[in-house]
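Q: Could you take me through one buried spot in this model, and then tell me what's going on around the ligand? I'd like the numbers, please.

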Amino acid sequence: MRFDSQFEPNATPLKGLNAITYGGDYNPEQWPREVWLQDATLMRQAGVNLVSIGIWSWAKLEPRPGEFDFAWLDDLIAILWEQGIHVDLATPTAAPPAWFYKNHPDARVITRDGTVMTNASRGMPSPSAPAYREACARITHALAQRYASHPALALWHVHNEYGAPVSDSYDDHSVAAWREWLKERYTTLDGVNDAWGTSFWGQTYYEWDEIPAPAQSATVTNPSMRLDYQRFTSDALLQCFIAERDIIRQYSDAPITTNFMASSCPAMDLWAWAQECDIVSNDHYLTASDPRNYVTLALDADLTRSIARGKPWLLMEHSTSAVNWQDRNVAKLPGEMLRNSLSHLGRGADGIMYFQWRAARFGAEKFHSSMIPHAGTSSRVYRDVLALGRTLESLTSHGMVGSATPADVAILWDWESFWAQDLEWRPSVDVSHRERIVAFYNQLWKDKITTDFVHPEADLSGYKLVLAPASYLMTDAASANIAQYVRGGGRFLASYFSGIVNENDTVRIGGLAKALEDVLGVKVEEFLPLREGDAVTLNADLLGVTGTLTGDVWADDIVLDGAKDVATYTDGPAPGGAAITRHEFGQGIAWYVSTRLHASDLAAVLDAVYADAHLTPERTLPTELEIVTRESADGRRYIVVLNHTDHEVTVPVTGNHGVLTGVSLDGATVLQPPVVGRTAHNRGETTHRDDTVVLPEPVAVTSSGVAVTAGGSAIILQ
Ligand code: GAL
């Protein structure tokens with residue numbers, strides 16, 4: 001995707017803040033006023049220009065129903081503004097006060113297995129409870145009216161992470177709202193019965209109030225009904241967001257966002273949600289147990305840019321070091337926080353924010369890292385925070401704000417399909433949409449090919465290659481859209497278990513992958529999932545692959561219908577049968593891969609697909625070197641290069657070099673190994689007390705245009 005035509009490049013959408021935003025969640029309720037004063041000064045020193053406040057403040061702002069106390073918030077914002085710190089003001093509706101639950105016990109969330117959620121933690125009540133919606137409206141009106149014209153206000157932050165920790169609820173208010181939602185979608189009970197195939201297992205509904213929510217049942221619940229309940233849940237939460245947003249809009253023209261968790265919150269269809277936000281913002285946390293978690297970070301960032309339709313977005317939360325909620329909360333290595341931040345930045349973020357500014361002393365998150373850790377400002381983490389602040393200031397001064405991250409390849413991503421595929425009784429528990437998407441994405445990442453994600457019904461025409469690693473549910477519109485793209489010259493690849501059901505989770509007649517079979521030129525007659533641990537061998541002579549390829553998990557019984565088999569099974573359940581096919585369709589080419597290829601074999605197949613798509617993978621630089629480029633409307637390029645290896649890497653930037661083609665710097669950039677011993681790293685640093693912080697030098701931009709930063713990362717400005 002290139003620039004979105006709606007988007008004015010080089011213009012920040014935040015009110016009064018034309019810079020890469022830097023800061024984090026700030027929870028002043030946990031600290032005395034003296035600390036607020038220190039914090040504002042420290043924020044300014046650190047280059048912080050935006051903090052998210054009020055997220056957990058409802059109990060303090062409205063101690064009794066309808067009785068507000070804004071004096072402390074007025075004071076806090078004044079203190080911050082005195083230091084030039086802007087605010088991202090939250091509506092506190094992710095955690096209603098205790099009085100709300102006492103007065104409205106019927107609004108409590110009931111989980112699918114019937115557990116009633118207490119309020120001894122955070123988490124919203126039932127999204128469909130009228131009392132909750134009324135209470136949200138009251139506090140939102142009051143906040144918006146009071147702060148709309150405050151000069152510190154740059155952004156509104158509605159709620160916090162809708163969908164987590166609460167998404168679907170099975171309380172009475174939800175059941176009532178669900179029936180209304182069904183009336184809206186299907187108009188008649190016949191429509192519902194048809195869509196859900198209720199003639200199966202005698203589930204026909206004759207009255208609306210016979211329809212339950214798909215809570216825990218004796219055995220597998222109707223899958224079409226569960227799919228619709230996911231849609232209903234996403235819509236119910238979205239209604240809550242829209243109601244608050246529209247109230248704010250009555251008073252304020254500042255942009256409004258809500259923080260997503262792009263690839264890690266399965267409850268919401270973010271294609272629909274993102275359209276309702278003025279700017280997309282996202283929270284991302286590394287999975288410590290994954291040694292290559294920087295690849296999933298990149299995936300999440302690329303997905304966020306994609307739901308933002310290519311516009312810059314904000315990283316609203318990530319961590320300076322360890323989180324507190326995984327089994328083993330591994331601290332980040334020196335330099336890792338910077339590389340994480342620059343990866344988000346390279347992939348389109350115009351803001352780098354954290355959870356949180358100052359570490360909490362008490363509560364469930366007291367062991368979560370922060371910008372000011374418990375160890376105080378005399379700490380490695382805080383020095384890294386200062387260095388990053390300087391780096392971002394430098395990049396702002398070099399005009400990076402508003403630039404875009406172009407991509408030639410897209411992967412289909414559809415939450416509705418994932419909801420359907422994740423239900424019970426599928427052909428094999430080993431088939432995971434996430435696993436397949438990550439496998440294809442991982443190879444593209446290694447090949448340094450920037451990738452967008454795209455909804456299957458969206459315009460695909462800007463891409464050289466579209467991949468469908470996991471598109472189980474496919475609507476007729478998506479099927480036609482893909483056919484049109486390939487017919488017009490597009491290059492397309494589908495992996496197994498794609499194009500299987502329509503929007504109601506209903507199988508089409510004629511072939512199991514019916515929605516894609518014309519384009520692919522094959523008919524899938526039968527699924528042939530493999531036993532746990534079994535593998536299949538493929539002969540791929542026709543692809544020029546010497547030796548054999550290996551797959552596992554899946555195979556299909558394929559009948560060729562126009563396509564050519566470029567690899568065949570030599571063993572397993574379909575010996576001699578087609579395993580990988582290639583079909584010339586209209587002006588384009590469509591590939592089908594019917595097994596889970598081992599990673600290196602997937603790379604070999606993708607090489608042939610890249611050749612069809614006129615794409616060149618970068619294979620001369622180290623695999624674990626991440627490269628991603630942003631471009632501004634005036635043609636400037638910001639090439640982010642991150643060294644994830646454990647050794648020094650020299651990046652040749654002289655002349656034309658693969659992904660760096662067009663870069664004409666005189667020399668090479670040497671990226672130090674990122675893993676710097678903590679002791680060595682700290683040796684020689686001046687020990688200082690909180691009030692005598694030593695600021696690091698701003699990032700150096702050399703005369704040749706190379707901005708070298710610490711910890712194995714560089715940004716090359718062109
Ligand atoms: C986020 C949440 C924050 C904080 C953080 C800890 O999901 O929005 O409030 O809890 O996780 O990692």
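A: Val566 sits in strand 18, which runs over residues 564–569. Keep in mind that this is a predicted model. Val566 has a relative accessibility of 10%, so it counts as buried, the cut-off being under 20%. As for who is around it, leaving out residues up to four places away in sequence, Val566 touches Asn539, Ala540, Leu542 and Leu543, along with Ile580, Thr581, Arg582 and Trp591. Another handle on the layout is Leu538: it is 28 residues from Val566 in sequence, and the C-alpha to C-alpha distance between the two is 9.9 Å.

Now for the ligand. Its surroundings consist of Trp56, Arg122, Asn160, Glu161, Asp283, Tyr285, Glu317, Trp325, Phe355, Glu365 and His368. Sorted by type, that shell has five charged residues, four nonpolar and two polar. For Arg122, a polar side-chain atom is 2.9 Å from a ligand oxygen. For Trp325, an N or O atom of the side chain lies 2.8 Å from an oxygen atom of the ligand. For Glu365, the corresponding distance from a side-chain N or O atom to a ligand oxygen is 2.3 Å. On its own the ligand has 310 Å² of accessible area, and the protein covers 93% of that.

Methods. Residues are numbered from 1 along each chain as its sequence is written. This is a predicted model: local features need pLDDT of at least 70, side-chain atom pairs count only at pLDDT 80 or more; totals for chains, interfaces and linings use all residues. Side-chain values use heavy atoms; hydrogens and water are left out. A residue is near a molecule or strand if one of its heavy atoms lies within 4 Å of it. A polar contact is a pair of N or O atoms within 3.5 Å; within protein, one must be able to donate a hydrogen and the other to accept it, and residues adjacent in sequence count only if both atoms are side-chain atoms. Accessible areas come from the Shrake-Rupley method with a 1.4 Å probe; for residues, only the protein chains shown count as cover. Ala, Val, Leu, Ile, Met, Phe, Trp, Tyr, Cys and Pro count as nonpolar, Asp, Glu, Lys and Arg as charged, and the others, Gly among them, as polar. Helices (H or I, at least four residues) and strands (E, at least two) are DSSP runs, numbered from the N terminus. Buried means under 20% relative accessible area, exposed over 50%, partly exposed in between (1.4 Å probe, protein chains only). Contact means heavy atoms within 4.5 Å.
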